[in-house]
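Take a look at the structure below.

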Amino acid sequence: MRTLPVVVVALVAAGAAASTQTRAPEWPQYLGPSRNGNATMAIPPSARLSVGWRKPLPSGSAGIVVGDGQAYTLGSDGEQDLLLSLDTTTGKETARLVLGPTHADSALGPGSTPVLVGDLVVAIATGCRMQ
């Protein structure tokens, strides 16, 4: 199984407490909430990037979506397509769901990005079956 490292980068505002936000920003679909790749939250000029956590993931080229404190993505262990759920604070894997066999023509694994719809996670594996 080939794993790819994923690095989550957090914005840290100098002098600003993270607890002042009432709800974490969400990224429920490919290219984000407005489907344009832009974050809608204001980023103060004093903000700087820092690594929040690192997590090796199974191979694939799926994007990552975020909602309700969880990050979701797809990957393959070389035999099965997987839907993974990670805690956004710690990077700890909270769920792993087998979606079905990885298609023989899909060398890198799933390439589609899951989407969040309310409390549902919709994913399409390499076999083109919606789960």
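**A strand and its surroundings**

From strand 4, Q70, Y72, L74 and S76 point one way, while A71, T73 and G75 point the other way, and all are buried. Buried means under 20% relative accessible area, with exposed over 50% and partly exposed in between (1.4 Å probe, protein chains only). Strands (E, at least two residues) and helices (H or I, at least four) are DSSP runs, numbered from the N terminus. In a regular strand the side chains alternate between the two faces of the sheet.

This is a predicted model: local features need pLDDT of at least 70, side-chain atom pairs count only at pLDDT 80 or more, and totals for chains, interfaces and linings use all residues. Residues are numbered from 1 along each chain as its sequence is written, and side-chain values use heavy atoms, leaving out hydrogens and water.

Why is strand 4 largely enclosed by the rest of the structure? Seven of its seven residues (70-76) are buried, so the rest of the structure largely encloses it.

Now look at the partners. Strands pair if DSSP finds at least two bridges between them. Strand 3 (residues 65-67) pairs with strand 4 in the antiparallel sense over three bridges. There, V66 has A71 as its bridge partner. Strand 5 (residues 80-87) pairs with strand 4 in the antiparallel sense over seven bridges. Here G75 stands opposite L82.
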